[in-house]
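Subject: The model you asked about

Hi,

Here is the structure, handed over as promised. Have a look at it first, and then read on for what turned up.

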Amino acid sequence: MGQAQGFDHEVRDNGDVVITHHGQVATILRGRRAAEFLEEVGADPQLTMARWTGNYKHGNERTAKDHPRNRRGR
């Protein structure tokens with residue numbers, strides 16, 4: 001599985017954390033969730049931001065591609 005890339009975050013004056021992906025807002029964290037994110041983001045920021053936004057691979061993409069529901073039009 002490839003590494004997550006293209007994420008960035010910004011802490012606003014009011015404590016909100018804005019996470020962007022390729023320049024577009026992916027999510028805004030406020031209050032307790034923003035504080036939890038800032039504690040966790042140090043180790044691997046790209047993977048952490050991908051996880052917090054829900055924008056990461058789950059490992060089942062190849063399997064899901066072959067599901068009959070997803071094969072329409074092929």
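A salt bridge here is a side-chain nitrogen of Lys or Arg within 4 Å of a carboxyl oxygen of Asp or Glu.

Before the rest, some housekeeping. This is a predicted model, so local features need pLDDT of at least 70 and side-chain atom pairs count only at pLDDT 80 or more, while totals for chains, interfaces and linings use all residues. Residues are numbered from 1 along each chain as its sequence is written, and side-chain values use heavy atoms, with hydrogens and water left out.

**Salt bridges**

By the rule above, the count comes to three salt bridges. Back to the pair I opened with: E36 and R32 both sit in helix 1, four residues apart, about one turn of the helix. (Helices are DSSP runs of H or I with at least four residues, strands are runs of E with at least two, and both are numbered from the N terminus.) R32 counts as exposed at 60% relative accessibility, whereas E36 is partly exposed at 32%. For those labels, buried means under 20% relative accessible area, exposed means over 50%, and partly exposed is in between, using a 1.4 Å probe and protein chains only.

Next, D16 pairs with R30, and their closest N and O atoms are 3.3 Å apart. This one links distant parts of the chain: D16 is in the loop between strand 1 and strand 2, R30 is in the loop between strand 3 and helix 1, and 14 residues separate them. D16 is buried at 8% relative accessibility, but R30 is exposed at 53%.

Then there is E40 with R51, where the closest N and O atoms are 1.7 Å apart. E40 belongs to helix 1 and R51 to helix 2, so the pair ties together parts that are eleven residues apart in sequence. Both partners are partly exposed: E40 has 31% relative accessibility and R51 has 41%.

Three strands make an open sheet in the order 1-2-3, with antiparallel pairing. (Two strands pair if DSSP finds at least two bridges between them.) Strand 1 and strand 3 are the edge strands, each pairing on one side only. Direction ignored, neighbouring strands are turned by 25° against each other on average. Axes, by the way, are lines fitted to C-alpha atoms, for helices over the stretch in contact, and angles run from 0 to 180 degrees between N-to-C directions.

Strand 1 (7-11) and strand 2 (residues 17-21) are joined by five bridges, and H9 stands opposite I19. The two strands form a hairpin with five residues between them, and G15 in that turn has a positive phi of about 95°.

Five bridges also join strand 2 to strand 3 (residues 24-29); here H21 has Q24 as its bridge partner. That hairpin has two residues between the strands, and H22 takes a positive phi near 50°.

How much of strand 2 is buried? Four of its five residues are, so strand 2 is largely enclosed by the rest of the structure. Leaving out residues up to four places away in sequence, T20 touches G6, F7, D8, V25 and A26, where a contact means heavy atoms within 4.5 Å.

Helix 1 (31-40) lies across strand 1, strand 2 and strand 3, at about 65° to strand 2. Helix 2 (45-53) lies across those three strands as well, running at about 80° to strand 1.

The largest nonpolar core has ten residues: F7, V17, I19, L29, A34, F37, V41, M49, A50 and W52. Strand 2, helix 1 and helix 2 each give two or more residues to this core, and the largest share, three residues, comes from helix 2. (A nonpolar core is a set of buried Ala, Val, Leu, Ile, Met, Phe, Trp, Tyr and Cys residues joined through side-chain atoms within 4.5 Å.) Among the contacts of V17 beyond four places in sequence are L29, A34 and F37.

**One last spot**

Q5 is in the segment before strand 1 and is exposed at 58% relative accessibility. Q5 and Q46 are 41 residues apart in sequence, yet their C-alpha atoms are 5.9 Å apart in space.

Cheers
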